[in-house]
Amino acid sequence: MADDQTLGLTLSGGAAFGAAHVGVLQVLAERGIRPGIAAGTSSGAMIAAAYAAGFDPTEIERVALSFRWRAIAKWSFTPRLALLDARALDDAVHQVFGTDPLIEALPRRFGAVATDLRTRQAVTIDRGPLSVALRSTIAVPGLLSPVRRDGALLADGGMVDNVPVDATRTLGASRVIVVRLHAKWENVRMMRTVNRTADLTNDPSVVLIQPEMEGMAQWMMSDAARLIAEGRRAATVALEAAERREDRSGLALTS
């Protein structure tokens, strides 16, 4: 079955919560839904990159369950910039791919969203070495060192766009499956995200999947299996609802 080049996948950031994306990918594969475009922020970008590279959801699950933060970050020798240095991620990419692949050579279109620290604008990295894109999108200020690329200083995309639907559309998607890592404990400071979520809910070209993170660890991988299961649950609920809407909206996830 061929990929749908008009269907995009948007994966939000959330550190360890990103394991929930794996459950979503599993359900998509089981239903024969194959987005040809994937974009993400932070941990969402890492899962989106694995999908864009053609890895099977079962293999992505194996990696997620065994993941440790030391695989992508080590103590920094320049602590004035950040506590950790994410260049260990370069080695991880080489270990997985045998090289550092160019994004434009991946089987599916991919974009990692980062923040330009000078302009405070979102930047979608959709070409060049994969390792640079991933180091940029996960670079939480103060924790992981920012990345210099094309004259810009890049850091975690979640600071300005943690649910990068616009990036997915710019890459060519006319319909988008959006996975927002949702926590019931979000408060008034998150109103911008809440308002954006309402817009996505009302958009007929979007299927919004919202795994619930309440009670699960965000900075440790101890709940990875539970998060994957929650991703599966949330994806099943959202996709079944989308199927019921198809006759009215014209949105079809499978060709």
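Is glutamine 26 buried or exposed, judged by its relative accessibility? In this structure, which is a predicted model, glutamine 26 has a relative accessibility of 11% and therefore counts as buried, since the cut-off for that class is under 20%. The residue has its place in helix α1, and, when neighbours within four places in sequence are left aside, glutamine 26 is in contact with Pro57, Glu61, Ile228 and Arg232.

Salt bridges were examined next, and the count for the model comes to 14. One of them is formed by arginine 31 and glutamate 243, whose closest N and O atoms are 2.7 Å apart. Arginine 31 lies in the loop between α1 (19-30) and β2 (35-41), whereas glutamate 243 belongs to helix α8 (residues 224-249), so the pair ties together parts of the chain that are 212 residues apart in sequence. With a relative accessible area of 28%, arginine 31 is partly exposed, and glutamate 243, at 39% relative accessibility, is likewise counted as partly exposed.

A further salt bridge joins the side chains of arginine 226 and aspartate 223, with a distance of 3.3 Å from N to O. The two partners fall into separate classes of accessibility, for arginine 226 is partly exposed at 44%, while aspartate 223, with a relative accessible area of 12%, is buried. Elsewhere, salt bridges that share partners join Asp3, Arg34 and Arg108 into one network. The side chains of arginine 149 and aspartate 150 also meet in a salt bridge, here with an N to O distance of 3.5 Å. Aspartate 150 has a relative accessibility of 71% and therefore counts as exposed, the cut-off for that class being over 50%.

Burial was also considered along helix α4, which spans residues 88-97 and in which Ala88, Leu89, Asp90 and Val93 are buried. In general, an α-helix has 3.6 residues a turn, so residues three or four places apart point the same way. After α4 comes glycine 98, a residue whose phi is positive, near 80°.

Note on methods
Residues are numbered from 1 along each chain as its sequence is written. This is a predicted model: local features need pLDDT of at least 70, side-chain atom pairs count only at pLDDT 80 or more; totals for chains, interfaces and linings use all residues. Side-chain values use heavy atoms; hydrogens and water are left out. A salt bridge is a side-chain nitrogen of Lys or Arg within 4 Å of a carboxyl oxygen of Asp or Glu. Helices (H or I, at least four residues) and strands (E, at least two) are DSSP runs, numbered from the N terminus. Buried means under 20% relative accessible area, exposed over 50%, partly exposed in between (1.4 Å probe, protein chains only). Contact means heavy atoms within 4.5 Å.
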